[in-house]
Amino acid sequence: MKRSIGMKSSHALTNQSVDDEITKISAGNFALGYESKSGLFVVQNFGRSDTDLNQEVKNWIGKYKRFKFFYASSPKSAFVKECKNYHAFDKKKLDNKTHPKKPEDADYDCPYCN
Ligand SMILES: [Zn+2]
């Protein structure tokens, strides 16, 4: 076993690698960044897809070096997780400048705003 669940390493952000790793058509979350000299994954940006994580991550090829991803059970859980990250991270170290948008037709809001 190369890796275990919960200790997933990051992957090179290339078409091939995205197709090899994100094999399910699913909602999910991703983080973009690079690997430090000591092998730590440094997050620079993150986001989600409500429908197809594979396609969404491919939009960032060429802009970042590596990615991590997590499948979500629903668009709502992907949105809530993205909000949690947005509120938890130090914004000065991230390229995310605006609050995550909620899914279309969502009847819920970010649980971490106020
Ligand atoms: Zn919020």
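A residue is buried if 20 or more other C-beta atoms lie within 10 Å of its own, exposed if 12 or fewer, and partly exposed in between. Trp60 has 15 C-beta neighbours inside 10 Å, so Trp60 counts as partly exposed. This is a predicted model. The protein has 3 helices and 4 strands. Its radius of gyration is 14 Å, close to the 13 Å that the globule rule gives for 114 residues, so the protein is as compact as a globular protein of that length.

**Overall layout**
- From the N terminus on, the order of elements is β-α-β-β-α-β-α.
- Along the principal axes, the C-alpha atoms fill a box of roughly 40 × 30 × 25 Å.
- Of the 114 residues, 25% count as buried.
- Take the contacts between residues at least 6 apart in sequence: 67% of these join residues at least 24 apart.

- The 4 strands form an open sheet in the order 1-4-2-3, with antiparallel pairing.
- Strand 1 and strand 3 (41–49) are the edge strands, and each pairs on one side only.
- Strand 1 (residues 11–12) is joined to strand 4 (residues 66–71) by 2 bridges, and the two run antiparallel.
- His11 has Phe67 of strand 4 as its bridge partner.
- Strand 2 (residues 28–35) pairs with strand 4 over 6 bridges, again in the antiparallel sense.
- Arg66 in strand 4 stands opposite Gly33.
- In a regular strand the side chains alternate between the two faces of the sheet.

**Helix 3 on the sheet**
- Helix 3 (residues 75–88) lies across strand 2 and strand 3.
- The helix runs at about 145° to strand 3.

**The nonpolar core**
- The largest nonpolar core holds 17 residues.
- Which of its members touch the most other members? They are Phe30, Ala31, Leu32, Leu53, Val57, Phe67 and Phe69.
- Strand 2, strand 3, helix 2 (53–58), strand 4 and helix 3 each supply at least two residues of this core.
- Phe69 touches Glu21, Ile22, Gly28, Asn29, Phe30, Leu53 and Val57, leaving out residues up to four places away in sequence.
- Among these partners of Phe69 are Phe30, Leu53 and Val57, which are also listed with the core members that touch the most others.

**Trp60**
- Trp60 sits in the loop between helix 2 and strand 4.
- Beyond its neighbours within four places in sequence, Trp60 is in contact with Leu13 and Leu32.
- Leu32 is one of the core residues that touch the most other members.
- Thr14 and Trp60 are 46 residues apart in sequence, and their C-alpha atoms are 9.2 Å apart in space.

**Asp105**
- Where is Asp105 placed? Asp105 is in the segment after helix 3.
- Is Asp105 buried or exposed? Asp105 counts as exposed, because it has 6 C-beta neighbours inside 10 Å and the cut-off for exposed is 12 or fewer.
- Asp105 is not a glycine, yet its phi is positive, at about 70°.
- Most residues other than glycine have a negative phi.

Notes: Residues numbered from 1 in each chain as written. Predicted model: local features only at pLDDT ≥ 70, side-chain atom pairs only at ≥ 80, totals over all residues. Pairing = 2+ DSSP bridges. Contact = placed C-beta atoms within 7 Å. Axes fitted to C-alpha atoms, helices over the stretch in contact; angles between N-to-C directions. Core = buried A, V, L, I, M, F, W, Y, C linked by C-beta atoms within 7 Å. Rg over C-alpha atoms; globule rule 2.2 N^0.38 Å.
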